[in-house]
Amino acid sequence: MITYNKLVRDYIPKIIEKDNKTCRTKILTNEQFEQEAKKKLYEELDEYMNATNNKESLEELADILELIHALTGVHDASFEELDAIRVKKKEKRGGFDDHVFLIDVDE
């Protein structure tokens, strides 16, 4: 038996059963979900950082984006509301399109 103790996508238990294996799961409370989703973000970010090609990188970014979609609900918001905040911040402070790297500031 392999112990995972981690948040997984909704269909993973069915996929496991389809392989003639059994698994145990539980449904998390909102508080538990938030905590586990944050851990999962670190896991997916690490996988993104270690991706070796564009396909792997995009797969990991998609996982991160799925977690971001899910976590907006934890904060009583929709993805559209989150994106509106992103747009407002971009209008005020810019985005990352120009790849600007700040070296230092003289005071």
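**Exercise 1.** State which residues of helix α3 are buried, and identify the elements against which they pack.

*Solution.* The buried residues of α3 are S57, E60, D63, I64, L67, L71 and T72. Here, buried means under 20% relative accessible area, exposed over 50%, and partly exposed in between (1.4 Å probe, protein chains only). Helices are DSSP runs (H or I, at least four residues), numbered from the N terminus. The buried residues of α3 pack against α2 (30–49) and α4 (79–93), where contact means heavy atoms within 4.5 Å.

This is a predicted model, in which local features need pLDDT of at least 70, side-chain atom pairs count only at pLDDT 80 or more, and totals for chains, interfaces and linings use all residues. Residues are numbered from 1 along each chain as its sequence is written, and side-chain values use heavy atoms, with hydrogens and water left out.

**Exercise 2.** Classify S57 as buried or exposed, and list its contacts beyond four places in sequence.

*Solution.* S57 is found in helix α3. S57 counts as buried because its relative accessibility is 16%. With neighbours within four places in sequence set aside, S57 is in contact with Y48 and A51.

**Exercise 3.** Determine how exposed L65 is.

*Solution.* L65 is found in helix α3 (residues 54–74). Its relative accessible area is 40%, so L65 is partly exposed.

Technical notes
Helices (H or I, at least four residues) and strands (E, at least two) are DSSP runs, numbered from the N terminus.
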